[in-house]
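This report is for a reader new to the structure shown below. It takes up side-chain contacts, strand pairing and the surface in turn.

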Amino acid sequence: MNKEDIPPITSDIYIILSSYNEEDTLEEVVDGLVERGFKVLIIDDGSKDNTPAIAKNLVRKYNPMVFYYRHRINVGLGGAIKTGIKAALKRGADIMITFDADGQHNPDDLYNMYPPLQEGKADIVIASRDFSDMPTGRRFGNTVMNYITYIFQGKMVTDSQSGLRAFTSETARKLDLKSPQYGISSEIIGEIKRKNLRFMEVPMTTIYDERTIQKGTNTTVGIKIVLEFINETLKR
């Protein structure tokens, strides 16, 4: 994208960067985000590799654009996102965007995320991957998860497991998120319906390599999400 085509950032935007054992990609991902003018909250979900040292170096390198939070133990994606939301609200964010630290997201896709929120056209924006570009196993799993999300959360979307989501601080305060793990992606979709939020989908590109394919929603993760939903349903 040419510089003159980049939408201006007119609000205080924080990227919530959930990280678990991301020593191979963290620095490059944060470099790309800060270079584009975004503040970054690194949420280290109990990493056991060199992620903490790299994150602390990035805080020093980019002060005051990068901040570091760490869970002592690995809680899960949901726990990391909730920590990021609390941190962003405490720092006075206008908009927060969840982003993966494993290098599978293209930071240029962020330029599609915040304009609808800045312009008051939506409360929450979710980027959708092109399923036809996905490896076969990943495409099947994500299609199944879309239907599972619809069954348990009552709303069908193009990509229920997308890790690239943006919402205003006002929306963040309304979200009632309970899942500590991958179920949070579907839970956010359910909150859109339950809270009658204005929702917009935008396209995104995804960088697939051996590392990113091994992460994300697989069969085991899908089964855990279903069990989480059943457990929550039985509690009601």
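In which helix is Ile148 found? Ile148 is part of helix α5. The model is a predicted one. Ile148 counts as buried, because its relative accessibility is 15%, under the 20% that sets the limit for buried residues. From Gly78, Ile148 is 70 residues away in sequence and 18 Å away in space, C-alpha to C-alpha.

Helix α5, which covers residues 136–153, also holds Ile151. With a relative accessible area of 64%, Ile151 is exposed. A nonpolar patch on the surface is formed by Ile151 together with Tyr147, Tyr150 and Met156. The accessible area of these four residues together is about 460 Å².

## Aromatic pairs

The model has 2 aromatic pairs. One of them joins Tyr14 and Phe67, whose rings are 6.3 Å apart, centre to centre. The angle between the planes is 35°, and the pair is tilted. Tyr14 belongs to strand β1 (residues 13–19) and Phe67 to strand β3 (residues 66–71), so that distant parts of the chain, 53 residues apart, are linked. Both Tyr14 and Phe67 are buried. Phe67 has a further neighbour in Arg91, which lies over the face of the ring at 3.7 Å from its centre.

Phe38 and Tyr114 also pair, with ring centres 5.9 Å apart. Their planes meet at 65°, so this pair is edge-to-face. Phe38 is in the loop between α1 (26–35) and β2 (39–45), while Tyr114 is in the loop between β4 (95–100) and α4 (115–118). The pair therefore ties together parts that are 76 residues apart in sequence. Phe38 has 0% relative accessibility and counts as buried; Tyr114, also at 0%, counts as buried too.

Strand β6 spans residues 165–168. Which way do its side chains point? Arg165 and Phe167 point one way, Ala166 and Thr168 the other way, and all are buried. In a regular strand, side chains alternate between the two faces of the sheet.

Strand β6 runs antiparallel to β4, with 4 bridges joining the two. Strand β5 (residues 124–128) is also antiparallel to β6 and is joined to it by 3 bridges. Phe167 in β6 has Met96 opposite, and Ile124 likewise stands opposite Phe167.

## Salt bridges

How many salt bridges does a search of the whole structure find? The search finds 11 salt bridges. In one of them, the side chains of Lys39 and Asp12 meet at 2.9 Å, N to O. Lys39 lies in strand β2 and Asp12 in the segment before β1, so the bridge ties together parts that are 27 residues apart in sequence. Lys39 counts as partly exposed at 23% relative accessibility, and Asp12 counts as partly exposed at 22%.

Another salt bridge joins Asp176 and Lys178, with the closest N and O atoms 2.8 Å apart. Asp176 is partly exposed at 41% relative accessibility, and Lys178 is partly exposed with a relative accessible area of 45%. In helix α7 (residues 184–194), Arg194 and Glu191 are 3 residues apart, which means a separation of about one helical turn. Their side chains form a salt bridge at 2.8 Å, N to O. Arg194 is partly exposed, with a relative accessible area of 41%, whereas Glu191 is buried at 2%.

How values were computed
Residues numbered from 1 in each chain as written. Predicted model: local features only at pLDDT ≥ 70, side-chain atom pairs only at ≥ 80, totals over all residues. Heavy atoms only, no water. Phe/Tyr/Trp six-rings, centres within 6.5 Å; stacked < 30°, edge-to-face > 60°. Buried < 20%, exposed > 50% of the residue type's maximum accessible area, 1.4 Å probe, protein only. Lys NZ or Arg CZ within 6 Å of the ring centre and 35° of its normal. Patch = residues over 30% accessible without salt bridge, like charges linked within 9 Å, V, L, I, M, F, W, Y side chains within 5 Å. Areas by Shrake-Rupley, 256 points an atom, 1.4 Å probe, with all protein chains shown as cover. Pairing = 2+ DSSP bridges.
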